[in-house]
Amino acid sequence: MKSRKPVDKVLAKHLTAKRNELIWALNAQDYNNAEIGRIFNIERSTVLRIIRKKPAKWSSPWFKITKI
């Protein structure tokens, strides 16, 4: 059976940082871990670990568009 490499080992550091930032932003916009996992093709548990690493004072530069 082929072993899986951790996602962070495969991506370059700047791409990992951007992916984490996007995951934090999606989480702030009320997407659940399964939905975020599908977007990035990673498992829910990986999404949860990334969300737990979010800095306390981080705020999202993006917002979810809603109908007026």
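Good morning. The structure before you is a predicted model.

Some totals for the chain come next. The exposed surface comes to about 5900 Å², of which carbon and sulfur atoms supply 56%. Among contacts between residues at least 6 apart in sequence, 54% link residues at least 24 apart.

I now turn to helix 3, which covers residues 33-40. At its start, a side-chain oxygen of asparagine 32 lies within 3.1 Å of the backbone nitrogen of alanine 34. After helix 3 comes asparagine 41, with a positive phi near 55°.

How do helix 3 and helix 4 cross, and at what angle? Packed helices are described by the angle and the distance between their axes. Here, the axes of helix 3 and helix 4, the latter spanning residues 44-52, come within 8 Å and cross at roughly 105°. An angle of 65 to 115 degrees counts as roughly perpendicular, and the two helices are therefore roughly perpendicular to each other.

Which residues meet in this contact? Helix 3 contributes Asn33, Ala34, Ile36 and Gly37, while helix 4 contributes Arg44, Val47, Leu48 and Ile51. By class, this contact of helix 3 with helix 4 comprises 5 nonpolar, 2 polar and 1 charged residues.

Conventions: Residues are numbered from 1 along each chain as its sequence is written. This is a predicted model: local features need pLDDT of at least 70, side-chain atom pairs count only at pLDDT 80 or more; totals for chains, interfaces and linings use all residues. Side-chain values use heavy atoms; hydrogens and water are left out. Axes are lines fitted to C-alpha atoms, for helices over the stretch in contact, and angles run from 0 to 180 degrees between N-to-C directions. Helices (H or I, at least four residues) and strands (E, at least two) are DSSP runs, numbered from the N terminus. Angles under 35 degrees count as roughly parallel, over 145 as roughly antiparallel, 65 to 115 as roughly perpendicular and the rest as oblique. Contact means heavy atoms within 4.5 Å. Ala, Val, Leu, Ile, Met, Phe, Trp, Tyr, Cys and Pro count as nonpolar, Asp, Glu, Lys and Arg as charged, and the others, Gly among them, as polar. Accessible areas come from the Shrake-Rupley method with a 1.4 Å probe; for residues, only the protein chains shown count as cover. A polar contact is a pair of N or O atoms within 3.5 Å; within protein, one must be able to donate a hydrogen and the other to accept it, and residues adjacent in sequence count only if both atoms are side-chain atoms.
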